Amino acid sequence: MPHIDEIAKKFGAKGLNVFAVNIGLDDMKAIKDFSKEQKLNSIKFLASPPVDDPGNIRNKYGVVATPTTLILDSNGKVMAQVIGAHTDQIEAALADLGFKD
């Protein structure tokens, strides 16, 4: 997560917004405590509805594993998906979309 926070800092001025969605925990206090403990200041944290809810991130975007990184456009269309904690793949996908150093 710290590397994702760095990506959010680096490209925030270029319009990149990073949201971390916790699928299994809907306790926002616990989520905020985690982000504070990890010093994750550039990521916006959200809780997803329960897994059986149609609005759950897994259902809405077809997430089959965690962690999964979804890169969405401003309309919510998936532009790229990376399964696993592969920051090199995330950076490559962002570069393909114009987010470069």
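K39 is located in the loop between α2 (28–37) and β2 (44–47). The model is a predicted one, and in it the phi angle of K39 is near 60 degrees, a positive value in a residue other than glycine. K39 is exposed, because its relative accessible area of 63% is over the 50% that marks an exposed residue.

One of the residues that touch K39 is D5, which lies in helix α1. D5 is buried, with a relative accessible area of 2%; the cut-off for a buried residue is under 20%. Apart from residues up to four places away in sequence, D5 touches K39, L40, N41, S42 and I43.

**Helices α1 and α4**

Helix α1 spans residues 2–11. Its buried residues are I4, D5, I7, A8 and F11. These residues cover an arc of only 155 degrees around the axis, so they lie on the same side of α1. The cover over the buried residues of α1 includes α4.

Helix α4 comprises residues 87–96, and in this helix I90, A93 and L94 are buried. Because they cover an arc of only 100 degrees around the axis, they are on the same side of α4. On the other side of α4, D88 and D96 are exposed. After α4 comes G98, whose phi is positive, near 100 degrees.

**Backbone features in the loops**

The peptide bond that joins T66 and P67 is cis, with omega at about 0 degrees. P67 belongs to the loop between α3 (57–61) and β3.

| Site | Angle | Value |
|---|---|---|
| K39 | phi | near 60 degrees |
| T66 and P67 | omega | about 0 degrees |
| G98 | phi | near 100 degrees |

**The chain as a whole**

The chain contains 4 helices and 4 strands. Starting from the N terminus, the order of these elements is α-β-α-β-α-β-β-α.

The C-alpha trace spans about 40 × 30 × 25 Å along its principal axes.

Of the 101 residues in the chain, 26% are buried. The residues named above as buried include D5 in α1 and L94 in α4. When contacts between residues at least 6 apart in sequence are considered, 45% of them join residues at least 24 apart.

The accessible surface of the chain amounts to about 6,600 Å², and carbon and sulfur atoms account for 53% of that area. The chain carries 12 positive and 13 negative charges, and the mean positions of these two groups are 5 Å apart.

Methods: Residues are numbered from 1 along each chain as its sequence is written. This is a predicted model: local features need pLDDT of at least 70, side-chain atom pairs count only at pLDDT 80 or more; totals for chains, interfaces and linings use all residues. Side-chain values use heavy atoms; hydrogens and water are left out. Helices (H or I, at least four residues) and strands (E, at least two) are DSSP runs, numbered from the N terminus. Buried means under 20% relative accessible area, exposed over 50%, partly exposed in between (1.4 Å probe, protein chains only). Contact means heavy atoms within 4.5 Å. Accessible areas come from the Shrake-Rupley method with a 1.4 Å probe; for residues, only the protein chains shown count as cover. Lys and Arg count as positive and Asp and Glu as negative; His and the chain ends are not counted. The place of a charge is taken as NZ of Lys, CZ of Arg, CG of Asp or CD of Glu. The arc is that of the directions from the helix axis to the C-beta atoms.
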